[in-house]
Amino acid sequence: MRVLKVLIAEADPLLQKLYSDLIAGENSYTVLKCVSSGPEMFEAMRCVEADLVLLDLYLKEFNALDGLEQLRKEFPSTDYIVASSGENPDLVRKALCQGVFEYLIKPFSFDRLRLTLKNYQVYYHSLTGRTRPWQQEDLDTLLSLKSRSPSWANNRAIPKGLQLKCLNDVETFLKSNPDTYSAQEVGDNLGISRSTARRYLEFLTMTERVVVEYAYRRVGRPEKRYRMALV
């Protein structure tokens, strides 16, 4: 699976370093460059092909209200995660209307950014790697990645007996590893028992965030293997 290339457009040198270190720690991403101003961003994007820009709308020498349209026009295949202030409602609306993948209002946790990156990875590879015809429910699920919270932090529908942290850990593992896994393999990777992993996997299957495939063996029952939906 192709590594996704990221350009960081942020004026604060400390945030540049923090973002860069976080993204470099993700196996599916690489940082192309960090820039501090609008002109530097446009110059860099004309020289390298970025899949994704992590963008502060209050970048120096960048008029975001007009600049977002210019970015879309000149670089139509590049996506954007905005990491910026939410103080200007018109600017937030403009960014959302221009189709940014996610708008993160500063200050935000790095766990939130990390999960947003994992959602984008699923979204990107689902669009570019699809070979079979789309079904409406599949497309609905894909588009929901752009609007729903990447974790279950605000979801009150978690059944009794399931823990939020473990649920997020299971889902994050499957998002980060686009393959099929048995409950035993998931449990071994997360340090939990097979039966515990299976409970979480079955719940994620019921909520249609995970799908099941069957590996047929020469003897015995077929093995259930799980993967993230749309991957």
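# Questions about a predicted model

Author: Let's start at a loop: arginine 218 is found between strand E6 (210–215) and E7. Please keep in mind that this is a predicted model.

Reader: Happy to. Why is arginine 218 called exposed?

Author: Its relative accessible area is 87%. Exposed means over 50%, so arginine 218 qualifies.

Reader: What makes the peptide bond from lysine 106 to proline 107 worth a remark?

Author: That bond is cis, with an omega near -5°.

Reader: And what is there to say about phi of glutamate 61?

Author: Phi is near 60° there, which is a positive value in a residue other than glycine. Glutamate 61 has its place in the loop between strand E3 (52–55) and helix H3 (64–74).

Reader: Why is glutamate 102 called buried?

Author: The limit for buried is under 20%, and glutamate 102 has 12% relative accessibility, so buried is the word for it. Glutamate 102 is found in strand E5. Leaving aside neighbours within four places in sequence, glutamate 102 is in contact with Tyr80, Ile81, Val82, Arg112 and Thr116.

Reader: Now the helices. Why are H7 and H9 called roughly perpendicular?

Author: Two packed helices are described by the angle between their axes and the distance between the axes. Helix H7 (residues 164–176) and helix H9 (residues 194–206) pack at about 75°, with axes 10 Å apart. Angles of 65 to 115 degrees count as roughly perpendicular, and H7 and H9 are therefore described that way.

Reader: Which residues make the contact between H7 and H9?

Author: H7 contributes Cys166, Leu167, Val170, Glu171 and Leu174, while H9 contributes Tyr200, Leu201, Phe203 and Leu204. By class, the contact has eight nonpolar, no polar and one charged residues.

Reader: What makes the meeting of glutamate 171 and lysine 175 a salt bridge?

Author: The N to O distance is 3.9 Å, and the criterion asks for within 4 Å. The two residues are four apart in helix H7, which means a separation of about one helical turn.

Reader: Are glutamate 171 and lysine 175 buried or exposed?

Author: Glutamate 171 is buried, with a relative accessible area of 2%. Lysine 175, at 2% relative accessibility, counts as buried too.

Reader: How many salt bridges does a search of the whole structure find?

Author: The search finds 16. One of them pairs glutamate 74 with arginine 46, whose closest N and O atoms are 2.5 Å apart. Glutamate 74 lies in helix H3 and arginine 46 in helix H2 (residues 38–47), so this pair ties together parts 28 residues apart in sequence.

Reader: Why is glutamate 74 called partly exposed?

Author: Glutamate 74 has 33% relative accessibility. Buried is under 20% and exposed over 50%, with partly exposed in between, so glutamate 74 counts as partly exposed.

Reader: What does the salt bridge between glutamate 185 and arginine 225 tie together?

Author: Their side chains meet at 2.8 Å, N to O. Glutamate 185 lies in helix H8 (residues 183–190) and arginine 225 in strand E7 (residues 223–228), so the parts tied together are 40 residues apart in sequence. Glutamate 185 counts as partly exposed at 30% relative accessibility, whereas arginine 225 counts as buried at 15%.

Notes: Residues are numbered from 1 along each chain as its sequence is written. This is a predicted model: local features need pLDDT of at least 70, side-chain atom pairs count only at pLDDT 80 or more; totals for chains, interfaces and linings use all residues. Side-chain values use heavy atoms; hydrogens and water are left out. Axes are lines fitted to C-alpha atoms, for helices over the stretch in contact, and angles run from 0 to 180 degrees between N-to-C directions. Angles under 35 degrees count as roughly parallel, over 145 as roughly antiparallel, 65 to 115 as roughly perpendicular and the rest as oblique. Contact means heavy atoms within 4.5 Å. Ala, Val, Leu, Ile, Met, Phe, Trp, Tyr, Cys and Pro count as nonpolar, Asp, Glu, Lys and Arg as charged, and the others, Gly among them, as polar. Buried means under 20% relative accessible area, exposed over 50%, partly exposed in between (1.4 Å probe, protein chains only).
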